[in-house]
Every structure is written in C-alpha cells, then in structure tokens.
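Please open the structure in your viewer and have the selection tool ready.

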Amino acid sequence: MYSQSHYKDQVLVLHVLKSAAIDECSMLFQFKENMFVNNHASSDSNAYPKVASWNLNKSEGTRNCCLWDGVECGSGHVIGLDLSSSFLYGTIYSNSSLFNLIHLHRLNLADNDFRFSQIPSGIGRLVQLANLNLSHSQFSGEVPKQISHLSSLVSLDLTGNRVKLQSSDFENLVQNSSETLTELFLSEVSISYEVPRSLVNSSLLTSLVMRNCGLRDYQFPTGIFNLQRLQLLDVQGNTDLTGYIPDFFGHSELKHLVVAETNFQGSLTASIGNLTSLNLLNLSSCAFSMSTLPTSISNLTQLTVLDLSSSFFSGPIPPLSSLSKLKYLNLAFNSFDRSNDCVWLGKFPDLSYLDLTISNLNCEIPSSVGNQTQIRELRLRGNGMSSQILSSVTNLTRLTVLELSDNNFTGSLRALESFSNLTYLDISGCNFDRWKLSDWFGKLNKISYLDLADVNLYGEIPSSFFNLTQVKTLDLSSNQLTGQLPSALRNLQNLKSLLLYDTEIGVAADLFLSLKKLKYLYLGSGNKMTLSVIDNVTNDTQAMLEVLYMESCNLKVIPEFLRFQHQLKQLYLDNNKIEGLIPGWMWNISKETLYEFSLAQNLLTGFEQQSPVAPWVSLQTLNLNHNMLQGLIPVPPPSIKNFFLSNNRLTGEIPPSICDSLSLLLLDLSSNKITGSIPPCFEKLSNSLLVLNLKGNNLQGTIPNIFTNESQLQMISLNENKLEGPLPRSLENCKSLQFLDIGYNSIQDTFPFWLGALPELQVLILKFNKFHGIISIPNFPKLRVMDLSHNAFFGDLPDQLFLGLPAMNETNQPATYMQEYIQSVGVYDQIEYYMWVGNYSFSMEIMNKGVTLEYSKITNILFALDLSSNKFTGKISEYVKTLTSLRLLNLSNNELSGDIPPSMGNLVNLESLDLSSNKLSGMIPQNLLQVKSLAYFNVSYNNLTGQIPQGRQFNTFSNNSYMGNDQGLCGFPLNMKCGVSKSPKASFEEEDTESAFPNGIDWVVILSGVASGIVIGLVFGNHLITRYFKEFL
C-alpha cells in the first residue's frame, strides 16, 4: 500500500508531464503557423496536409497533440514527428520552435518543399534524435556541422537534396555515431572527396546508399563490403569512384550490391559465390576490362535482379540455369564468347526483363524461351543470332518491348497480332524472306515505336498499316517499298519521327506537313525518291519540323514550304539538283534555332541576297561544299564551329571577320579561286581551330606567324597556292598537329628539322617548293608519310634519315583513317548534348606506282617515303632496312650511286619501289624476290648490270622497269639473254599458293585531274576500280 506522500508525488509528476506535453503541443502548433501548405510541394500521390487538423482552440481531445496526425508521444513527451509528404512549403529557421522538442527520437520531413533553404542548424539541439529523414525536401547549401554531432543517430537520410557535406563533417558524423548508425542514405548529396575510412568501424551498419554524390575516391574502402551486418550497399553513378570487388569470406548478409556507373575495375573472384543472400547484383557500366565471369555466380540462387551490362566482361557465360528466381537479367554490351550455348535462356520462369543487346552471343535461341510467359521486355539487338526467332516467342503475349534488330534471323516473319500489348517493336536489319507489309500490323494499336528498316520489304504500303494511331517513331528505310505514300498517313497524328531513307516511295509534301506533331523527317538517300512539293502552305497549316533531311530527292529548287519553318535545328538538302541562287527568304528561317545547315553537292551559283553575316545565331555547322558558288566568301555567324565551302568558284580575299568566330573548329575553303594573303588575325583562331584547309586557291605572300602556344590544330593544308618565303617557326607550337601539307607553293627554306618537336605529326608534305640544303633529320616519332619530292635538297642521304622514323617499322596496327569528328552541341530539355555530324577525312596527293594519285582518305597503315626529284648523292643507306612497314619508296630522279642494298629485301610490305634516273650500279639484289607484295618496280636509267631476278612478282614487270641501263641487264622481260643456259633459282623461290599480287592495303584514292565529281579508286595490285563517293558525311 502506497503512503499519502507517495501518492502526492505521483500526482505532481503527472502534472509536470502534462504541463510539459502542453508546452510541446504549443511548440508544434507554432511550427505549423510558420509554415505554408502548398498542394504542389509534395510528389507522393498519397500526400495530404497532415498539419491541417492541428488545433489548440477546441476540445480537450483535439488540444492533445499526441492525437494529432503525424505526432508520436511517449512518457508524456513528443518523441516522434512524421510530416513526410505533407505539402509543407517555406523555410525552417534555426530558431524554429520545432527544435525545442528536445525529446524527439524520430523526425521525418521528407517530400516537402523548403524552397532550397539551408538545413537549419537548430537540428543539433535534438540530441536524442535517432532517426532523421530530410530526403527530397528541396534543401540546399552546406549540411550544418551540428548534424555530425548527433551521437545517437541510427538512421540518416538526406537523399535528393542539393546539399554539400564537408569532408570533416562526414568524418565526424561517422565517428560520433559509429556505435549506433545502421542506415546512411546520402544519394545526390555533394561529396566530392574520399569515403571516410572510419566507415569500416561502423559494425552495426546495414544500409549504405550514396548514389550520384560525385565521390572521387581512388580506392573505395574494401572493408565496407565485409561489414557483417551490411545488407544494402549502393554507390551507383559515382563515375570518378575507383575500386574493386574484394574477396568475400564466411557468412555475408548482403542482399543488394550496386556499384554501377563507377570506375570499379579488376575482376570478379570465385568468392562472389559466397554472397548467397544476394537478391540484387548490379555491376553495370564499370571497367572490368575483359574480365571473365566466375562459375560460382551460379551459387547466387536468391538473385531476382542481375545487371552486368556495359562492363567489358568476356569469355564464356557460366551456367545460369540455377538462378531460377531471376526477374531481371541484363548482360548487354559485353564481349562474351561467340560459341556460347544459350540453352539457359529458357530457364527463368519468372523473368520479366531480358536484355542481351550487343553481347556477342550469336547462338540459336532455344524454343524454351517461349515458356517464359512473364517476359515484358525482350532485347536481343546486334548479336548475329540465327534461327527463326519468332517461332520461339509467339507465346510471349505480355511483351511490351521486342527488339530483335541486327541479327541473322531468317525465314518468314510470323504474324505478331497476338502481341497486343506491344509499345516498342524493332526488327530492323534482319534477314527475313522477301515480304510485304501485312494487314495485321494495323492491329498493334498500342505501338509507339516501330522500326522496320532493312528487313527486305517490298511493294506498296497498305492503308490498314496507318491504323497505328499511337505510333510516334516510324522507320521504313532501306526497303524496296514502292508506290505513293497513301493519304491515310494523316491518321498518324501522334507521329514525331518518320524515316523513309533509301526507298522508292513517292511522297507529297502536304502529307507529312499535315502531321502537326512531326518533328523529325528523314527522306531520300539512295536517289530513288521522288518528292512532290506544294507551295500553297502557310505557317498555320504545316508541322513545325526540328530536323529535316531531304538528301538525294531529285529536288531542283529549295522547297517553298521551308519559308514557314521557324523551329528547324538541322536542315540537310545535300546531293540534289538544286540550281541557281539561294533565295533571300532562306536568311529568315529558323534564325534562333538552326545549328546545322547543309546544301552540299548541288548546282547552286550564289545568293539572291548577300547578307554580310549569316543570320542564324545558333548555327554551328554550315556546309556548302561542291556547288558552283561565285562571288565573295559569305561570313558565318560568330557561333560557327564547322564551316565548309570547298570546291566552288568563290573569289576575293578571306574576310577578316571570320576571325570573330572564336569557336571555329573546322575551316575548309579549299578548291576555290580565293586571292590575297592568309589573314594574320587567324592567330585568334589558333586556340580553337582543329582543321585549316586552304588548298587549291591563289593565296600569296608568306605564311604568317599565327600559331600560338595553345594551338589545337591537327590538320593544315596549304597545298597548291602561291605562298613564298620561309616556314613560320610558330608551327613548333602546334603540338597536336598530325598533318601538314604545303606542297605546290614557292616556299624558300632549308629543311624544317624543328618540326621533329611535334609529337603527333604523321604526314609531312613539302613537295614542289624551293626547299634546299642538306637534310638534317631529328627523330619524328609518329611520321609515316613524308614527301620531300621536287625540291633542291642535296648531299648524302644520312643514316639518321632512316633511323629517325621509328613509326615506319611498326606492325600489326588496326586500320583506321586520319579524320576529325564533326560535332554539334544540341540542347534538349535545357540539357546540352553532343551530336555526331560526320567525319572530316584528311586527304593528300602522292606518287604511287608511277602515277600521281589523291588519297581522299588516309589509312594509318599507309607508310610512304618520297625523296624523288632532288639532288641527293652518295649511296643508299643500309639502314633503309629498318623501315619495314614501308608501302611506297621513291628515290627516283636524284644522283644516287653505288649498289642497291640487298637489305631492301627486308621491306616485306613494300608495294611500290622507284629507284629510276639515278647512277646506281651493280646487280639487282636477288633478295627483292622475298618482297612478295611488290607490285611496281622501276630501276630504269641507272648503270645496273647482271641478271634480273626471276620468278614471282618479277615475272609481271615490263621492259619499262629496266630501260636505260645501257644493256647491262639481262633476262626476262628483256630480249638480252644472260650468258648461262638456265637462270639460277633463288633459294627462297619455292612454290607457294599465295597470289603474286598480295594486296597489303586497300588504298582509297582519287585520280588527279578529274574535272568534276569525286571518284575514288581502290587499288588492287595494278588494277584500278572506280566508284562515286560522297566526301562529307
């Protein structure tokens, strides 16, 4: 039995507690009064204003805040407050009454809008706080250091705010809560430094999520992976975060492991199989370069999600059949063995997502795939897979996405009408039997993306096809479709992108202009399209296009409907027959939006209205190549990056106003009739310009010193002008220069040995100038084409000439072309992105097999040395044998003497050797028979004697190769017989099955002197095959 005094004490305690609770209720109500409720402040569909019911002015029940929505009490105090998704709007200040609730253990303010205010430092007064959730609440600024002093924290969530956590505060937070912290969610918080190593001491940690934080750790602490209680580890999206997956020993509780989109490297060890509790593993977009998957991955039988895409895995795919609980499987963009058996693909009864895009699996799809009826997305693009795939998937009626493009699926295309849920269908690039569009396509009424490009379609498009009223993207390119596009096209009022490249379909402009949502239209290419253009259209009656390609459409005029297009970003009218003047109204279209414009390869002669500066304020690429434009050079806007005017008839001087285009990357004014000098103001462009091509004009004067220390130039061509004087020493500043051609000028200088300081120089052409003196060759580390022909160099050929060209003895290089990527920067939804426009190929002329040829593309496996038509004397150095990659060697028309070095037989890749018109003596070395690639050989007009080597490629050379040697040579093909009964056979002239004309390189060349058009020849041995080629794009 309690005493009366004890009872009084109890009453007093209850009174104190009740008073305290009333005070805390007042604090809560005051907090409510200082906030706004805004129905747009929360994104959760279940959000509602929890504080709306809070009231201190009514009955005793409603004044008891422990009964208020979101409030939790204990021991007479408010200990929990959950105001998540409550439409709260405004700023919480550090002196807010909220922070007087010192007994709070749990505070949740997630999914509100605090107007990008700073997280209030007053939170630090809530010293008993264990759970703090401020996620997705529009906070910004620095996280107050007071949060790091909360030593009782069990869970902290700052996800989705624009806040920055200082390194020292993060370290203090981890150390102060190391004995309590179990959950840490910091995704999208700015943490641009290393992860605190002390995290490995947080032994109670179960969840660590730091997505997209900007972490810059050189080595993510591997001890975190092996924290015994850790169940969730997610560091996705930290692209500068380096680390590796460690070994796992003993029991692990890890259920979710995500390191996607980081720089994690190394390989997966067999110990990954010890993570038997894993149900989600995402290692996508990492740098596991050519790492193989351990077979132990099949031990992870609890997995429901496995994503290994874009991580450079290779080798065989281990048995995955045991992962029967998988719902999501993504192995896309890897390089697995092509011999993989794909039987395992049909072993996942609950699978809803399967992506094997470009994973190198050219296996046959098992029929058991059709048993996985839960699949909603099936992506198999780009694997070279065979079989009649659609016979295996017709049961997958829940499919919403089916992507089978770029495979070797054959046979007839089966009806897909049972796939009534499809929204995305791509079967482009498959080798189906020739077929016509069927009526059942019109029944796929949920389709929004349909790609049927290059699937062997023929015939006309049935009207029923245009029942696909939900389609937004439609691609029918590269098929044998004929007839006129039917008027039923107007049914597709949701169409945004239409591609009809390389078909024979006739198109009337009013049809596609009637599609009000159409933004992207690609027509022509293949010169098979006829285009009926109407002129009575206005701004109110037509679609507002953003991208329009009308290439090879037989256009003879610029379509009038363009006059009303004010939102164009890309406009390509290339390779038509548009003639005459560019109309004046063109200067007024899409002034604010156009950033790519091309009228290349037409018959245009000029401008109806010459504007001093092109008016498009956002224009980045302007291509008027290959027309007949006359008059002065048009001036591009300051925004221009790529400016092409080659192969026209432009006159006058280069306008200095071009120098105001400080973003200019590629400038090609070649093959015109431009006069004057190179503007000194080009120095202003040196820091941005990558390509400067002024060849084939009438430029005079000296080359100015316009190359600054910050020069970015990679290609300079001043060929075929009237330039004189010395080379400017400022060229030494062009450390990125790969290509320099100043041939066919009147440059007077000694050999520019100082160009050896350019570490990237690969092509150097100085021919047909007035260079003179002795050659002094330093080391040119990457030079592989050097043409010094037709100058006045003299003296012996130094050994260093051959020793200083180390790139000419490289072997086994993958074939690539010298070119510059052409890019534009686009903006979509206020986000900048780079768009590939095309490739700008470097070109040159060089003597090959006795003929001057122009290479419109220069492959990196072409190695050539031309020293012809100078005054070199002395012997050919034995060190010529070091240039084992040489394809072309021309030493003709000099005064070289002595023997032909037998070591030339080491030049096993040589295809053209010209030593004619020298003073060489002795015999032609028999060793040259081992140069099996040799297709052109000329030693005429020397003093050679003895027997011509017999057999192999030497049996193909004519008398012209040997004439002028004063009858000192004998043997085939000459009539002069040698004084022996039978020609001796060289020991290496054994029988073989190889062709006498091995084709070491397929050169892409263009015949010089062609008056119009561009013609490329592919040289196979001594045969020339020509084809037409489009230079740009």
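This is a predicted model: local features need pLDDT of at least 70, side-chain atom pairs count only at pLDDT 80 or more; totals for chains, interfaces and linings use all residues.

Residues are numbered from 1 along each chain as its sequence is written, and side-chain values use heavy atoms, with hydrogens and water left out.

The structure holds five disulfides, a disulfide being a pair of cysteine sulfur atoms within 2.5 Å.

Select cysteine 25 and cysteine 65 to begin, and you will find a disulfide with an S to S distance of 1.9 Å. Because cysteine 25 sits in helix H1 (residues 4-33) and cysteine 65 in the loop between helix H2 (60-63) and strand E2 (71-74), the pair ties together parts that are 40 residues apart in sequence; helices (H or I, at least four residues) and strands (E, at least two) are DSSP runs, numbered from the N terminus. Cysteine 25 is buried at 3% relative accessibility, and cysteine 65 is buried at 0%, where buried means under 20% relative accessible area, exposed over 50%, and partly exposed in between (1.4 Å probe, protein chains only).

Next, select cysteine 66 and cysteine 73, whose sulfur atoms lie 2.1 Å apart in a disulfide. Here cysteine 66 is partly exposed at 28%, and cysteine 73 is partly exposed at 27%.

Finally, move to cysteine 342 and cysteine 363, a disulfide with its sulfur atoms 1.6 Å apart, where both cysteine 342 and cysteine 363 are buried.
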